[in-house]
Amino acid sequence: MAVSQLCLDGCEFGGGAELLFDGVKKHQVTLPGQEEPWNIRNLLVWIKKNLLRERPDLFIQGDSVRPGILVLINDADWELLGELDYQLQDQDSVLFISTLHGG
């Protein structure tokens, strides 16, 4: 049985990460229904296919975000919530902040 679609309150990018997403900081995201519940790992694949516009190597490394990108879910560090395995809920807010700065 398929899970119904999931609407996030927002998928935001900051600290320079927004430059990889056409300079758009906040995206309204509705994830399609699928067999498995949505988690951050699935969300990253979806983001790479649907939102990321350039230089995926600056955002994704393997199946996770690059080191130096802080991930907050509903204003809490994702490390406290299970990181990639965190199961997304309707109206969650996910924020990606790059802490890397060129020089």
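A search of the whole structure finds 5 aromatic pairs. Rings of Phe, Tyr and Trp (its six-membered ring) pair if their centres lie within 6.5 Å; planes under 30 degrees apart count as stacked, over 60 as edge-to-face and the rest as tilted. The model is predicted, with local features requiring pLDDT of at least 70 and side-chain atom pairs pLDDT 80 or more, while totals for chains, interfaces and linings use all residues. Residues are numbered from 1 along each chain as its sequence is written, and side-chain values use heavy atoms, leaving out hydrogens and water.

Phe 13 and Phe 21 form a stacked pair, because their ring centres are 3.8 Å apart and their planes lie at 15°. Both residues are buried (under 20% relative accessible area, with exposed over 50% and partly exposed in between; 1.4 Å probe, protein chains only). Phe 13 also pairs with Phe 59. Here the centres are 5.8 Å apart and the planes at 70°, so the pair is edge-to-face. Phe 13 lies in strand β1 and Phe 59 in the loop between α1 and β3 (60-61), so this pair ties together parts 46 residues apart in sequence. Helices (H or I, at least four residues) and strands (E, at least two) are DSSP runs, numbered from the N terminus. The relative accessible area is 2% for Phe 13 and 0% for Phe 59. Ring pairs link Phe 13, Phe 21, Phe 59 and Phe 96 into a cluster.

The largest nonpolar core has 29 residues. Such a core is a set of buried Ala, Val, Leu, Ile, Met, Phe, Trp, Tyr and Cys residues joined through side-chain atoms within 4.5 Å. Phe 13, Ile 40 and Phe 59 are among the members that touch the most others. The largest share, 5 residues, comes from α1.
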